[in-house]
Amino acid sequence: MGRDAQMSEITAGDTKLCKTTFNVLGICCPSEVSLIERLLQPLSGVERISVNVPSKTVTVLHDPSLIQPAQIVRALNQARLDASVRVVGQLKSGRKWPSPYTLASGVCLIIALFHYLYHPLRWVALGAIAVGILPIMQRSFLAIRNFMLDINVLMLIAVVGTIGLGDYLEGGTIVFLFTLAEWLESRSSDKARAEISSVMNLASQTAVIEESGEKISVKDVAINTVLSVKAGEVIPLDGIVVSGSSSVDESSLTGESLPVQKEVEANVWAGTMNLTGYLSVKTVALAEESTMARMAKLVEEAQSQRSSTEEFVQKFAKYYTPVIVLAAIAMTLAPLIDRSLGFRKWVYKALVVLVTACPCALVISTPVATACGLAHAAKTGLLIKGGRYLEALGKLKAIAFDKTGTLTEGIFRVVDVKFVESETIDEEKWLSWIASLESRSSHPMSVAIVSYCRQKGLEPSAEVKDFDILEGEGICGVVDNHKVYIGNVRLSNRLGWTEYVPDTWDIRGATVGYFGTEEKFVGAFSVADSSRPEAAEALDNLKV
């Protein structure tokens, strides 16, 4: 097996198990899940089977000493499921055009439609049935052999019934439309799988070796290789910056649109964009282990976690199909019980029920929609853990946002500083003390406060003793032998400052900080952050 085959080893006790993923393009409906399990579970060495209908993949945990991937492929292909070992980074799609069976059936059907002009042409409809029904018969017999009733069995019964009634044109129409619908359904699933594959394509597929300037596939890059990444290029693999500096757009991973500055020793990730400078990056992971590869794997695994609706539909379909068959049989037997009912008419009605009441479209619609939703979210930097959580998003009544840097620019400015006794207090001295304490803090507002004080010609003092962060309240420290406190309303309440805040102060619409000593409230400052231009539009879109 090639080195790019999607396989991984897992140790279970003394046994080394292998997890192999297979493309199974013959999966057209969740009813095939039971069929695949019945085919593979009896095989010696198969430990666990996971079927992903939207991505048309089957993951098998097996003992390679007892069964090889080629044997699993052979078992699946005996059921005409078009299976192959999946290759990393390769998207295997179904047919771009309908099968020759479908096309031949369609041509015969069109010819048979002219039987209204020349009656013997009605027999050509039998040709439409004959050339198109072979795949349906093969899958039907396989399902029956495994004691299953699926859509193929329903269609076969319906076609046999139309032949028995002599309505060859009806039978040909059923065969052609069913095989055409299968192809259309496979194209829809291919688009869902392409959405998932596009997550991997966010990362560059080639990399440039810095030493030689050679451009090679990312799959051929070893760990600890130094790559060249110019401004405007996508970083191909996870790594560490060994030289250069630049701002990097990490929105494909984090959803955050603000670029992040990268210096030497900084971590960079595959799929992010180098914006301004030249970077030399030493790789720390292979292509199949990169952040983007893990994201794609998480998205694919998330699809196997069924939503509540999907679980209900699956259970419903399990009992629904046999009920439909029993209902059709009952309608066929009705004329035998009541002689006044026309036999041909009621058999025809039974066939209509079989064809129109098939649950396949209902069952496949939910996982395909879920797959597209998960993949599209991943492309915008959102990883959703599965269909259950995606479904829950539709029931949200309220959303809590982190305001700073999300709804706002994250760039603070001091709006105002007020003192309770401005006539007797040395404002410049207090502003200098505030700047000294805030210069030791990592809070986003601290930069704005220090900058405000510097604009007034007041530099922070280097002499700050006993600096401490008061969790959930603020900061404190000793400056010029005075213990100064700066914090929020929680600190103000604890120190008894709140009652001294004048009612005339208009400090609404901004973040307020209070300052003073343990014995005395001195004043307050207000800091504001500007809203992002797109924030209002984004919130309006969420309300729709």
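Val248 stands opposite Asn274, a residue of strand S13, and that pair is where I would like to start, with strands taken as DSSP runs of E of at least two residues and helices as runs of H or I of at least four, numbered from the N terminus. Strand S10, residues 246-249, pairs with S13 in the antiparallel sense over 2 bridges, where pairing requires that DSSP finds at least two bridges between the strands. These belong to an open sheet of 3 strands, ordered S11-S10-S13, with antiparallel pairing; its edge strands are S11 (260-262) and S13 (273-274), each of which pairs on one side only.

Please keep in mind that this is a predicted model, in which local features need pLDDT of at least 70 and side-chain atom pairs count only at pLDDT 80 or more, while totals for chains, interfaces and linings use all residues. Residues are numbered from 1 along each chain as its sequence is written, and side-chain values use heavy atoms, leaving out hydrogens and water.

The protein chain averages a pLDDT of 80, and 82% of the residues score at least 70, on the predictor's per-residue confidence scale from 0 to 100. Where pLDDT is low, the predicted coordinates should not be read in detail.

Turning to the helices, the axes of H5 (residues 134-145) and H6 (residues 151-165) come within 8 Å and cross at roughly 120°, the axes being lines fitted to C-alpha atoms over the stretch in contact, with angles from 0 to 180 degrees between N-to-C directions. The contact, meaning heavy atoms within 4.5 Å, includes Phe141 of H5 and Leu156 of H6.
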